[in-house]
There are 2 protein chains.
Amino acid sequence: MIRSLEKYFSPQSRSLLIAAPNDDAALWRGDRFVVATTDSMVEDIDFRLDWHGFDFRLLGRRLVSINLSDLAGMGAEPRHALISLCLRASMRVKDLERLYLGIAEQAQRFGCTIAGGDMSETHGPITLTASAIGRVASAARVLKREGARPGWKIAVTGMLGGAAAGLRLLEAGRPPRTRIERGWVEALLDPQPQVAAGKALIQAGVRVGGDISDGLYREIQRLVEPSGVGATIDIDALPLARGLDAKEWRLGAQDSEDFELICAGPGSRLASAQAALTRSGTRLTVVGQIDREPGIRLRDAGRLVRLSKAGYEHFR
Amino acid sequence: MIRSLEKYFSPQSRSLLIAAPNDDAALWRGDRFVVATTDSMVEDIDFRLDWHGFDFRLLGRRLVSINLSDLAGMGAEPRHALISLCLRASMRVKDLERLYLGIAEQAQRFGCTIAGGDMSETHGPITLTASAIGRVASAARVLKREGARPGWKIAVTGMLGGAAAGLRLLEAGRPPRTRIERGWVEALLDPQPQVAAGKALIQAGVRVGGDISDGLYREIQRLVEPSGVGATIDIDALPLARGLDAKEWRLGAQDSEDFELICAGPGSRLASAQAALTRSGTRLTVVGQIDREPGIRLRDAGRLVRLSKAGYEHFR
């Protein structure tokens, strides 16, 4: 079975000196500074097979994307991925092929080899894990959570809340009916890791940031807590996904798995990052600033508002 | 929760430039030739919580061991591991702590940092995945499946069949009663990756080999097929685990997850590997030879015998 699926992985694997699965492990020529991460998706927690329009090919793409998003959040360039699939024996070969196709095409799109994999049987939910391995030019040219300083601006790439709005639709059992609704569902099912944006931020001299896969609010917490600072966020400024009402800003601030990047830096540096990103078609929007006072303040037309829930857990 | 468990990982993580989970990914100084692998364990497929003497600490150790065994099978030195745990929300904190402790202590034992991790909820079987990343000195100093030549000897480290005998006991619901039976169960639940043996084989000039996690017969197939050769195995020569009867040789030839190494090479080279390994307390036993004729022949006191089943699937 694994051998019959190798064809999907071959184009990306040429840069490997030895490729699994024939051998116990893959062998490649290493890079000087390595960035690595791992992330899983679990059926009925992260996705449901009965979602309208569910497709194993998109699921495979998403497995790669969520891992590459972590590399993007460090400003790293993807190099290799390892894939571990725990599948039910009853899975149709056609579905397995689409899963592999999705994994392979998304890895290839970002110049990432599929260096190795493992397939196990499960009697329970489909559980997919990938590890992504990338590189940065030096230990200093990287986005870190720590280092934000009072007076710096906070900015995010792309649009927020689309994935949460898509999830709301699918969980209500509703197919997307409009172009806008299809856009929301796409943001959820087929997110694109902001690899180029991460590199552009590094290029512009930004050094504090990460990805927003756990929701904006939670990620801002991660950005301020290690440095003992705080933040004020302007709700008016949040770049909400197309079709979302301003009153629905919470969709963009909590729980949304948008896989965009967040960063903090001096205003001038963010402005030059903004200029570079705009040229490549990516929005970078200032949404607030770093304060000396710890805690996160959400400001809505001058008034302070609260989030009822920090919003960093999976839906359940 | 994850932060409270960080203490288990700190000693190994000092060699990292940036450690997850605070950041999106880990950062480390890379090696020139990198070897990488991934492997999962699924509840009720690879282990059962109701096995006599089941312990989450041993399970954590085993998760690291099965991955390091793949590195050992390449002759590589472990460097980093990424851990992804899919756990039920009902899991007791005490069990989670023992799982982490086991992961941390086994990684530390083999000089491997825990570079990053991910924890997800599942409504189904516990599913644990690790990726292991190691290094070799050059692309030529590595054990590969390909390259076996007619006339070469085939050898295995350690003893075979213990893990299968332990599995037979536990699946029958029987606690191990004797020292010998406890040894079998230990071979199953707490295997030790043959990292030092892999490096010793490389040092002795051996270049063809791998680990035997899928059973001896299946691994010999992998050793002969890529080179278009065959093999003859002497059943009398199989180093069966202590307490196994010679008639039970099938336990050592199929299905047993012994996590030993197999290798092939000219007799003189295997003899010098044997001498080096014996000095460090590891047995290396010649069990057969590579033939020009494809296929695998099992020879029992001069007669050819067959295995009813190739023996490379998980128990079910």
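## Two contact regions in a predicted model

In chain A, 20 residues of domain 1 are in contact with 21 residues of domain 2. The model is predicted.

**Inside chain A**

Which elements give two or more residues to the side of domain 1 of chain A that touches domain 2 of chain A? They are helix H2 (56–72) and strand E3 (77–87) of chain A. H2(A) gives the largest share of this side, ten residues. The domain assignment places domain 1 of chain A at 2–135 and domain 2 at 153–305. Taken over C-alpha atoms, the centres of the two domains are separated by 26 Å.

**Between the chains**

Chain A also touches chain B. Here 54 residues of chain B are in contact with 55 residues of chain A. Several elements of chain B each supply at least two residues of the side that touches chain A, among them strand E1 (26–29), helix H2 (56–72) and strand E7 (208–211). E2(B) supplies the largest share, nine residues.

E2(B) also pairs with a strand of chain A. Its partner is strand E1 (residues 26–29) of chain A, and the pairing is antiparallel, over four bridges. Within E2(B), B:Ala36 stands opposite A:Ala26.

**Residue classes**

The table sorts the residues of each side by class.

Terms used. Residues numbered from 1 in each chain as written. Chains lettered and ligands numbered in written order. Predicted model: local features only at pLDDT ≥ 70, side-chain atom pairs only at ≥ 80, totals over all residues. Contact = placed C-beta atoms within 7 Å. Pairing = 2+ DSSP bridges. Domains from an automatic or database assignment.
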